[in-house]
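Hi everyone, thanks for coming. Please take a moment to look at the sequence and the structure on the screen, and then we'll walk through them together.

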Amino acid sequence: MSKFNTSLVWFRRDLRDVDHAALYHALKQSRQVVCVFIFDQTILQPLLDCSLQADRRVEFIHASLLELDASLRVMGGGLIVRYAQAESEIPRLAAAYQAEAVFANHDFEPQAIARDKQVSAALQKERCQFFSFKDHVIFEKDEILTLSQQPFSVFTPYKNAWLKKLYARNDDFYWKSYPVHAYSSRLAPVPVCSIPSLEELGFEKTNLSALNIATGMSGAQKLLEDFLPRMGRYDRARDFPSVKGPSYLSFHLRFGTVSIRSLVGYAVAAIRYGAGSSGAEVWLSELIWRDFYFMILYHHPHVVEHAFKPEYDAIRWESDDAAQQSFQAWCDGRTGYPLVDAAMLQLNQTGYMHNRLRMVTASFLIKDLGIDWRWGEHYFAQRLNDFDLAANNGGWQWAASSGCDAQPYFRIFNPVTQSEKFDPSGAFIKRYLPQLAKLDQRYIHTPWLLDKATLASAGVMLGENYPFPIVQHDVARKQTLERYAVVKKSS
């Protein structure tokens, strides 16, 4: 017997109708379920204020919603899409459909927590209940704790505890799929209403199609099928940006067009039965980092504005006009260090950046240019297709040495040796800096060391079609150690 006559399912960062926790629970407990999505003005307006009308993430969401709506209609339902403020629109829709409950999946970003509290309070006034479920992680907030029942702040023991809990059972309990389709007959048919166009939302088309970025559930499935045969090589291929090593699923994980449970299931199967278990183990470890950073953000929301380790807020960063110019050069890919520049150009042109290069570019901004990690974090937040507050913040604080389990402050990536090690032939550099393509691979990492005649023969004119280095790494390294001395003194 159904507990509720009518319920709403509020889709957010979970744009799929398979293995969906909130949808499953709503269907199982309700006679009929209405599916809704809100293009939240509170989230979109800051993008428009920053002149990001051409935002691949909004276009990705839009395309994924079209597919989700079509898929729900095949099952007898459909998707209601509104452009409004979620705090007011969800209660309004609940009242319009006389819903007795609203189902959604957890979102632990501070702004989302505040929003959901507001929505829940408004619904309660109308005697409508609000339910939220774990969906975009395997283990969340208080599920993995130390022996003293405190949140972990170091990754390796967290990972060990995470794996111990995952494997404590001999079945697929923690990554078992929710059988949504078994209850799909309870989806309420909704009128065919056009989803607001990008233009109506204030946005415009991007180069998403030109980049061949597949959207929606089908796009995620296509990428997954491509990656599974390569998973066994992930540990060896993942660090080289010119090699097809990553899964490229981060965009889809961010917006939930693929289930984290399914990905963990594939990784566990490969570890247990596959030939490439080492690759699967490393990939699973990356998924565990994702859970770890979500947990950190929930328990330590101050990291959004401040260092995880308070003593690192005492560091004095460069902020004068010269620093502003250096920051702009970093943003534009004009630092004079080819790997750094190629990585920033990849980000600007595609919205994607290889994970190794995220570390290299972040380290360069913080420890070569002496610029506050928050500047870089904010820039990545604007540009990354897969931007997720928890992971982005965690990655930047790792590079700045101010985060939990971060690299030591005296560990400073050398952009040249990183380039020589991870792009030895210069293949990645040449892709985004074609003006350097004729340089011998031995010198493409350090063009400023070549004489003018050699550069000219390769069509390179430093200061004209490629910049001189804006900083000397050896000098910058010494300055960084001096800058971080304040941390050493306080420890």
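Before going on, a word on what we are looking at. This is a predicted model, where local features need pLDDT of at least 70, side-chain atom pairs count only at pLDDT 80 or more, and totals for chains, interfaces and linings use all residues. Residues are numbered from 1 along each chain as its sequence is written, and side-chain values use heavy atoms, with hydrogens and water left out.

Now the overall picture. The protein chain has 22 helices and five strands; these are DSSP runs numbered from the N terminus, with helices being H or I of at least four residues and strands E of at least two. Its radius of gyration, taken over C-alpha atoms, is 24 Å, close to the 23 Å of the globule rule for 491 residues, so the chain is as compact as a globular protein of that length. That rule is 2.2 Å times the number of residues to the power 0.38. Along its principal axes, the C-alpha trace spans about 80 × 55 × 50 Å.

How much of the chain is buried? Of the 491 residues, 54% count as buried, meaning under 20% relative accessible area, while exposed means over 50% and partly exposed lies in between (1.4 Å probe, protein chains only).

Glu377 has no salt bridge, and the nearest side chain of opposite charge, Arg374, is 6.7 Å away. A salt bridge here is a side-chain nitrogen of Lys or Arg within 4 Å of a carboxyl oxygen of Asp or Glu. Leaving aside neighbours within four places in sequence, Glu377 is in contact (heavy atoms within 4.5 Å) with Val304, Leu389, Asn392, Asn393 and Trp396.

Finally, some backbone angles. Most residues other than glycine have a negative phi. Ser51, however, has a positive phi near 60°, and sits in the loop between helix H2 (41-49) and helix H3 (56-74). Ser51 counts as exposed because its relative accessibility is 56%. Arg127 also has a positive phi, of about 60°, and lies in the loop between helix H5 (110-125) and strand S5 (129-133). With 78% relative accessibility, Arg127 counts as exposed.

Notes
Lys and Arg count as positive and Asp and Glu as negative; His and the chain ends are not counted.
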